[in-house]
Amino acid sequence: QAQIRTKLQNNRKNGRKAFAVLLDPDKVELESFPFMLAESVRFGVDFFFVGGSLITRYTSDEIIAAIHKHTHIPAILFPGNSLHIEPSADAILLLSLISGRNPELLIGQHVIAAPLLKKSKLEILPTGYMLVESGRATTVSYISNTTPIPHDKPGVAACTAMAGELLGLQIMYLDAGSGAQKPVSADMIAAVRQAVDTPIVVGGGINSVEKARLALEAGADVIVVGNGIEKNPDLLPEIAQAVKSFNEKIAA
Ligand code: 1GP
């Protein structure tokens, strides 16, 4: 039942890191998609996050069907709003946008989604979602109508995560937004790591092995990469390898 949560908690206990690839239905190329899925299996991608703030082209169900056809990697919804719920996925990051003060994204959409989620077989992953300022306006900051946490205020992020954990949220997701100019800083990840015991997911602007390593060393449990792989498919095996060697070092 709670397979993904259990995996995340066990990883957290053992210091193991995980690699999630973000699949934005607006950016996936369906022709080359099976190859990308095969690469993900080959290099040990742990999770697919499926979603985006705005979906205009393919719907998530096409993407999820392909994931299920070609892999056993869990497809986790990363929804922009309650319209993005797709019951054929394996799980959903039930995001509460705790860095913002927009009640719709803190609780409003959740009320709308609750009966649907209760009926579905989706594993629910209650997640404190924190947007972090990234050097330029991202789609998510515009669409969510919220002010992100300033890049150089790790203390604000730490207190926000603490509050989220006290409210019972089980995962903290620090996101600089897709295509961010600067990813979440190592200082901020480390401050959140010190503040809470939950698994920490970090994404947005991780477009090199170096940036991935910095996030892992600072305390990220899961790193998420989307844009970087869309632009340079070789980044998938490279980052997968970096995560793997990180885990091998810990095991040794
Ligand atoms: C965005 O965390 C994700 O919500 C991933 O961002 O597309 O910049 O990798 P990128």
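Helices (H or I, at least four residues) and strands (E, at least two) are DSSP runs, numbered from the N terminus.

This is a predicted model, in which local features need pLDDT of at least 70 and side-chain atom pairs count only at pLDDT 80 or more, while totals for chains, interfaces and linings use all residues. Residue numbers start from 1 along each chain, as its sequence is written.

Here are two helix pairs to look at. Axes are lines fitted to C-alpha atoms, for helices over the stretch in contact, with angles running from 0 to 180 degrees between N-to-C directions.

| Pair | Angle | Axes |
|---|---|---|
| Helix 2 (residues 33-43) and helix 10 (residues 235-251) | roughly 15 degrees | within 10 Å |
| Helix 7 (residues 186-195) and helix 8 (residues 209-218) | about 25 degrees | 8 Å apart |

Helix 7 and helix 8 are therefore roughly parallel to each other. A186, I189, A190 and R193 of helix 7 meet L214, A215 and A218 of helix 8; contact requires C-beta atoms, placed from the backbone, within 7 Å.

Helix 2 and helix 10 are likewise roughly parallel to each other, and helix 2 passes helix 10 in a right-handed crossing. Here E39, S40 and F43 of helix 2 touch L236, P237 and A240 of helix 10.

Technical notes:
Parallel < 35°, antiparallel > 145°, perpendicular 65-115°, else oblique. Left-handed = near helix turned anticlockwise from the far one by under 90°. Contact = placed C-beta atoms within 7 Å.
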